[in-house]
Amino acid sequence: MRIGAADVAFTNASPARQKEMNFGPHFLAIELGYLVRNGSAVARSADVDKNGGRVGVTAGSTSESTLSRDLKRAEVVRVTTNQNGAESLAAGKLDAFATNKATLFDLADKTPGTKVLPDRWGDERHAIAFPHGREAGAAFIKTFTEDAIAKGLVKAAMERAGLRGAITPEVK
């Protein structure tokens, strides 16, 4: 799709995407966390950054850019897909796999012997995006987002979808 071809998109408002498009206020945050093998010595996020540790991330993801910068001792290992990451973890090639918890919980359900750590190392904020040059719609997107949160529409959609690891923001 060419840039500016769509009027709006619902997506992660990452710093990289903010260079390509504008965003309204976030309507949803999803915790960022780690998937580990059951019985792992890694019991919380702070345990991941250790000498000799191997943390999987999907190549090109927000997790890759953030953890490549933030982890000082562990090696960041790039994989092609989230499923590849879970399989590498299960095979003992990784100590942890990092992404958003909605994805991690799905991977844990499909990958026996793994679990999602209870804490988080960050969050991924989702918002309505619109092309640069179309700022005239920003006020409408802001009002729409605030109304959807205030009326409980976002929370109801999360519940219907069974979305785990999500945080609904409060209207300010």
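In the predicted model, Arg164 counts as partly exposed, at 33% relative accessibility; on this scale, buried means under 20% relative accessible area, exposed over 50% and partly exposed in between, with a 1.4 Å probe and protein chains only. Arg164 is located in the loop between α6 (153-161) and β8 (166-167), where helices (H or I, at least four residues) and strands (E, at least two) are DSSP runs numbered from the N terminus. With contact defined as heavy atoms within 4.5 Å, and residues up to four places away in sequence not counted, Arg164 touches Lys101, Ala102, Phe105, Asp106 and Asp109.

Residues are numbered from 1 along each chain as its sequence is written. As the model is predicted, local features need pLDDT of at least 70 and side-chain atom pairs count only at pLDDT 80 or more, whereas totals for chains, interfaces and linings use all residues; side-chain values use heavy atoms, with hydrogens and water left out.

The protein chain contains six helices and eight strands, in the order β-α-β-β-α-β-α-β-α-β-β-α-α-β from the N terminus on. Along the principal axes, its C-alpha atoms fill a box of roughly 50 × 30 × 25 Å. The chain has 172 residues, of which 41% count as buried. Among the contacts in the protein chain with a separation of 6 or more, 69% are accounted for by residues 24 or more positions apart.

Strand β5 (96-100) is largely enclosed by the rest of the structure, because five of its five residues are buried. Two strands are taken to pair if DSSP finds at least two bridges between them. By this criterion, β5 pairs with strand β2 (residues 21-37) in the antiparallel sense over four bridges, and Leu32 has Asn100 in β5 as its bridge partner. Strand β3 (residues 54-58) and β5 run parallel and are joined by two bridges; here Gly56 stands opposite Phe97 in β5.

Leaving aside neighbours within four places in sequence, Ser63 is in contact with Leu32, Val57, Ser68, Ala98, Thr99 and Trp121.

Aromatic pairs were assigned to rings of Phe, Tyr and Trp (its six-membered ring) whose centres lie within 6.5 Å; planes under 30 degrees apart count as stacked, over 60 as edge-to-face and the rest as tilted. A search of the whole structure finds three such pairs. One of them is the tilted pair of Tyr34 and Trp121, with 6.0 Å centre to centre and 35° between the planes. This pair links distant parts of the chain, 87 residues apart: Tyr34 is in strand β2, and Trp121 is in the loop between β6 (114-116) and β7. Both Tyr34 and Trp121 are buried.

Pockets were identified on a 1 Å grid over the protein atoms alone: a cavity is a set of points where a 1.4 Å probe fits but cannot get out, a pocket is an open set with protein on both sides within 12 Å along at least five of seven lines, and lining residues have an atom within 4 Å of a point. Grid points are joined across faces, edges and corners, and a volume is the space filled by probe spheres set on the points. The largest pocket holds about 300 Å³ of space. Elements that give two or more residues to its lining are α1 (15-18), α2 (62-70), β5 (96-100) and β7 (122-131). The most is given by α2, with five residues. In total, 18 residues line this pocket, and Asn12, Ser14, Gly60, Ser61 and Thr62 lie nearest its centre. The lining divides into 13 polar, three charged and two nonpolar residues, with Ala, Val, Leu, Ile, Met, Phe, Trp, Tyr, Cys and Pro counted as nonpolar, Asp, Glu, Lys and Arg as charged, and the others, Gly among them, as polar.

Gly133 lies in the loop between β7 and α5 (138-150) and counts as exposed, at 64% relative accessibility. The C-alpha atoms of Gly133 and Asn22 are 8.9 Å apart in space, and the two residues are 111 residues apart in sequence.
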